[in-house]
Amino acid sequence: MMKLVVCVKPTAAGDLNPFDASAYEAALRIPNASVTLLAMAPATRRELLSELMRLGAEQAVLLSDAAFAGADTLATAYTLWLAIKQLQPDFVFCGRVSLDGDTAQVGPALAAAWGASLATCTMSLQVEGEQLVCTARDGSQRTVGAPGVVTFERMNTLRLPGLRSKPGKVTVLSADDLQADRQRIGLTGSPTRVLASSENEAGKRHCRFLEPRQFDTVLAEALALTGQPKQEAVCLPPERQLAKVWTVGKSPLAYANTISKDIRVIKPESAEKIEQLIRLEKPSVVLWGSDAYSKETAPQVAWRLQTGLCADCTRLDSKDGRLLMVRPALSGHILATIVCLSDPQMATVRTPDSSMPPLFFAFGKGAADSMGAIEPLCERYGAVPAASRGAVDAGLFAYEYQVGLTGKTVCPSVYVAFGISGAVHHIEGMKTAGTVIAVNPDRNAAIFEYADYGFVMSMEEFLPSIGMKNPSS
C-alpha cells in the first residue's frame, strides 16, 4: 500500500488553499493509497482538518504550538519535515504555492531535507507500479520514486464529502512532540524578516481613453515598439552598493546591476554543485530568475545552506550593507520589504521569458457572451489567448490559460485585456507587459488603472467596431 502525506495550509478565511486541495484530490484518486493530512496551523484549524477527513484521509496531523508562529519557509519546511520523519510516507504531496505567501519554496525544501526525488508544477499524475509519472504545466514529464515530493497546480477540483461520511479525529503535535530544535522553528528560526509593508500600487499607469476605430492603429504601434517589458528598478548610489553579488544564469543581471558593480554570473547546475561553490567562495548575495529551474533549485540550495530565500522580488535595495528585497504579498495587495539575516542572502527575481510571444489577448467573465468570437479574434491578430481567474472558475477557459497570482506570469510586448475587472491577483501576472490595452464597459474598472490605453465598451460592442461579427448575437 502506498503511503501518502498531503501537506495542507488553511487560508486566513479558514478554508483550504486551492493548490493544496488539488494535491489532496490527486492523493485520493490513487487506488488503495493510505492518505494522511499534515498541517501547521493554529489550533482553531483543527475542525477544518476533521471535516477534510470525511473525503477519505485515514488520519490528520495538526502541528500547533505558539513556538511555530512567525515561521518563514525555511522554518516551516523544518517543522513539517520533523513530522514527515515520524510518519514515514512513501510520497509527500503539496500545492505548488499558497495564496498568502506565493513562494513555491516549501515543497522543494522538503525534498532537499528528505533527500527525496522531486516533481513540481504537476498538472497530471499516473501511477506506474511504485513510481509516479508527473506531467508538468510546460508538458515535461518526470518519474518520481519513493521517497518523493510532488507539488501540484490547480489540476483538479476537490470532491465533496459523502452524505454518510463522518469527521475524523485529528492528532495535534507540539514542538516538544516533534523534538524540535527551538532555534530552528517559528520566528526565531526564520532568517527572512519583514521590515515594512505598504499598499501595492506597482504597475499603475496613466490610461489614455480612445475611440474604437483607433484600436488597430494603437495595437500596431505598440507591437512595433522595441525594448524589454516594464520592470521596476532602483539603481543604488555607489556608497550603498553591495559586494560579491552572484546571479545564477544571466536572467537576473538587470536586477544585479541595480545593486552592485561586483557581479559574477555562474551557470545553472544542480543544487549540490551550487551549494559547494557558494560554501567555497562565499558570495554575499545570490540572485535567481523566475524560470522553472530557479524556482525548483533555489529553495533546495537555501535548505542545504540553511539560509533565507525571498521569492518573486520585483525590486532590490540595500540598507546598512544588507540586501532589501521587495515582493508582493497577501494575494498581491501588499508590497513587503524583506531582509535576510543569514548569509548568503538569496532571492528569486521576476525575469522575462525570452521565448514569450509578443501579443496576448486575455479574457475575463465580461467576455462570456462572446466566447465564439475569441478564437477568430486571436487568429486575426496572431495573439495568444489567456484568461482571468474569474473566467477559469466560471468554466470558460481551462486552467492552463489563467494569468495571475494563482496562474502564470506573462510579460509580452502587448497585453490586451477584454472584460477583465483588474483584480490585484490578476495584475500581478501581467503588469510587466510593455503595453497594456483594456477593453471594458465600466470606465471605473480597476483594469484601466494598469492600462496604457482604454476602450470603454463591451466585447459585443467591440467586435463590430473592428469589423467582426459576434457569433452569439
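Just after helix H8, glutamine 306 adopts a positive phi of about 55°. The model discussed here is predicted.

**Helix H8**

- Helix H8 covers residues 292-305, and its 14 residues should span 20 Å at 1.5 Å a residue; the end C-alpha atoms are 20 Å apart, which agrees with that expectation.
- Most of H8 is covered, since 10 of its 14 residues are buried.
- Among the buried residues of H8 are Glu296, Pro299, Gln300, Trp303 and Leu305.
- At the start of H8, the backbone nitrogen of tyrosine 293 has a side-chain oxygen of aspartate 291 within 3.3 Å.

- In strand S2 (residues 34-40), 6 of the 7 residues are buried, so the strand is largely enclosed by the rest of the structure.
- Strand S1 (residues 3-7) runs parallel to S2, and 5 bridges join the two.
- Within this pairing, valine 35 of S2 stands opposite leucine 4.
- A right-handed β-α-β unit is made by S1, helix H1 (residues 18-28) and S2.
- S2 is also joined by 5 bridges to strand S3 (residues 59-63), and these two strands run parallel.
- Here threonine 36 stands opposite glutamine 59 in S3.
- From S2 the chain passes through helix H2 (residues 46-52) to reach S3, and this β-α-β crossover is right-handed.

**Aromatic pairs**

- A pair of aromatic rings is described by two quantities, the distance of the centres and the angle of the planes.
- The whole structure contains 14 aromatic pairs.
- In one of them, the ring centres of phenylalanine 215 and phenylalanine 462 are 4.9 Å apart and the planes stand at 80°; because an angle over 60 degrees counts as edge-to-face, this pair is edge-to-face.
- Phenylalanine 215 belongs to helix H5 (residues 215-224) and phenylalanine 462 to helix H12 (residues 459-465), so their pairing ties together parts that are 247 residues apart in sequence.
- Phenylalanine 215 and phenylalanine 462 are both buried.
- Ring pairs also link these two residues into a cluster with Phe361, Phe363, Tyr381, Phe397, Tyr401, Phe418 and Phe455.

**Arginines over rings**

- Arginine 137 is placed over the face of tyrosine 399, at 4.7 Å from the ring centre.
- Arginine 443 is placed over the face of phenylalanine 209, at 4.0 Å from the ring centre.

Note on methods: Residues numbered from 1 in each chain as written. Predicted model: local features only at pLDDT ≥ 70, side-chain atom pairs only at ≥ 80, totals over all residues. Heavy atoms only, no water. Phe/Tyr/Trp six-rings, centres within 6.5 Å; stacked < 30°, edge-to-face > 60°. Helix = DSSP H or I, 4+ residues; strand = E, 2+ residues; numbered from the N terminus. Buried < 20%, exposed > 50% of the residue type's maximum accessible area, 1.4 Å probe, protein only. Lys NZ or Arg CZ within 6 Å of the ring centre and 35° of its normal. Expected span 1.5 Å × (residues − 1). Polar contact = N/O pair within 3.5 Å; in protein donor to acceptor, adjacent residues only side chain to side chain. Pairing = 2+ DSSP bridges. Right-handed = clockwise from strand over helix to strand, strands pointing away.
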